[in-house]
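Please look over the model shown here before reading the notes. They are arranged by topic.

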Amino acid sequence: MTFRAPKGTDDILPPVSRTWRRLLLTWEDWAARYGYELVLTPLFEATEVFARGTGEGTEVVQKQMYTFEDKGGRSLTLRPEGTPSVVRAFLEAGADGILKAAYWGPMFRYERPQAGRRRQFYQIDVEYLGSREAAADAEVIELGYRYLIDASVPGLSVQINSIGDRECRPAYLEVLKEYLESRRDVLCDDSLLRLTTNPMRVLDCKICAPKLSDAPSPVDYLCDACTTHYGEVRSILRELGVPFEATPRLVRGLDYYERTAFEYVATDLKAAQNAVGGGGRYDGLAELLGGRPVPGVGFALGLDRIVLTLGDVEEPNPLDLYIIVTAGRRREALRFTSELRRSGIRADLDVESRSVKAQFRAADRRGAAGALVIGDEWSEGRVVAKDLASGHQEIIRIEEVEAWTRRL
Ligand SMILES: [Zn+2]
Ligand SMILES: [Zn+2]
């Protein structure tokens, strides 16, 4: 067999996938604690949803979309990000009020593959739709922070900025363009192109940014409403005990962001791709999609990158009990294992009828806390129970197994 996974995609298998599972289980817990509900949308959308939502001027739309025509002649695109889809779904459902959406899944961008930059990559996302309040921005930023800390991302730093809104940004862009024109000689080819189409993105260019440290910052050109909003976001974050760094030159790669922009950076990660996530406010997005105004704020965290920051620690696949099956007791063992599983114990057994010795080795390999031998004692209502950490072995009654396991 000579097939391989397509370039820039990954098979995520054990033991690495154990880290992924832990990260996702932890995520579901945090999303629920903050009151976010599950929202699922299609993996593909009409191409226009991203062309208009994500923005014609973005690199994503210009260069990175997986766009195809279906058999009905429709132009469809595999989602390069989740936000336009959720806003589209909210508008389509005729919903109003607040929607706090949480989801995770694959996104698709045609990029030059490298570590932490994949063509099929995975994001954890939230969208807080229906509120312009700074408290919504702060809650979203806090949730991402608490989760990433719980996920053990090393050296986590929260960077925030305000990039203005439709009111005040035009004046800032004029000043920025003028500044960039005066620095044409240090700009790379990409940035020269963006100078007219999307000048803010020049500040985001890894090559140019270090040479532009005296560039004007959007925070110095905010209107009163944006200034107030940004001040409130910061003061609520302090109230909530979320450490952050005000980062005046932080901008985001997508057109629809306004006011709050933020990133989560793993400062210990030496790679260029050390941002593990980011987000911002997008009050104009619903209108770009042809809908009524719906304010919103959200984030996307890169699961692939989070895993990268955690390094090569091999996580166990936690097992409470390994059931050792002896000759003639297979049926009993299968039934008893099923009972244990239904009572909430993580139990596994060998269906290959291997030797008792081989099964004990498997129990060790699987990192089980204990092993039970279903043997001759079974007919008297007993099993041999072995604590695999201490090696202590005893014979206990079947009714005691659950309590014995919980003490391991
Ligand atoms: Zn550049
Ligand atoms: Zn403003």
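Predicted model: local features only at pLDDT ≥ 70, side-chain atom pairs only at ≥ 80, totals over all residues.

Residues are numbered from 1 along each chain as its sequence is written, while chains are lettered from A and ligands numbered from 1 in the order in which they are written.

**Overall architecture**

- The C-alpha trace of the protein chain spans about 85 × 55 × 45 Å along its principal axes.
- The protein chain holds 13 helices and 16 strands; these are DSSP runs numbered from the N terminus, with helices (H or I) of at least four residues and strands (E) of at least two.
- Domain 1 covers 16–168 + 222–309 and domain 2 covers 319–406, with bounds from an automatic or database domain assignment.
- The centres of domain 1 and domain 2, taken over C-alpha atoms, are 46 Å apart.
- Of the 408 residues in the protein chain, 38% count as buried. A residue is buried if 20 or more other C-beta atoms lie within 10 Å of its own, exposed if 12 or fewer, and partly exposed in between, with C-beta atoms placed from the backbone.
- Among contacts in the protein chain with a separation of 6 or more, 70% are between residues 24 or more positions apart; a contact requires C-beta atoms, placed from the backbone, to lie within 7 Å.

**Nonpolar cores**

- The largest nonpolar core has 71 residues, of which Val126, Val140, Ile141, Leu301 and Ile306 touch the most other members. Such a core is a set of buried Ala, Val, Leu, Ile, Met, Phe, Trp, Tyr and Cys residues joined through C-beta atoms within 7 Å.
- H5 supplies the largest share of this core, nine residues.
- Beyond its neighbours within four places in sequence, Val140 is in contact with Val126, Tyr128, Gly279, Val297, Gly298 and Phe299.
- A second, separate core has 20 residues, including Tyr322, Ile324, Leu349 and Ala368.

**Helix H5**

- The 17 residues of H5 should span 24 Å at 1.5 Å a residue, and its end C-alpha atoms are 24 Å apart, which agrees; the expected span is 1.5 Å times one less than the number of residues.
- H5 is mostly covered, with 12 of its 17 residues buried; among them are Asp137, Glu139, Val140 and Ile141.
- Ser152, which follows H5, has a positive phi, near 70 degrees.

**Helix H8**

- H8 (residues 224–240) has 17 residues and reaches 24 Å from its first C-alpha to its last, close to the 24 Å expected.
- Its buried residues are Cys226, His229, Tyr230, Val233 and Leu237. Seen down the axis of H8, these fall within an arc of 95 degrees, so they line one face of the helix; the arc is that of the directions from the helix axis to the C-beta atoms.
- Asp224, Thr228, Ser235, Arg238 and Glu239 are exposed on the other side of H8.
- Cover for the buried residues of H8 includes helix H5 (134–150), strand E7 (156–162) and strand E9 (258–266).
- Just after H8, Gly241 takes a positive phi of about 75 degrees.

**Strands around E9**

- Nine of the nine residues of E9 are buried, so E9 is largely enclosed by the rest of the structure.
- E7 and E9 pair in the antiparallel sense over seven bridges, where pairing needs at least two DSSP bridges between two strands.
- Leu156 stands opposite Ala266 in E9.
- E9 also runs antiparallel to strand E10 (residues 275–281), joined by six bridges, and Glu258 stands opposite Arg281 in E10.

Technical notes
Contact = placed C-beta atoms within 7 Å.
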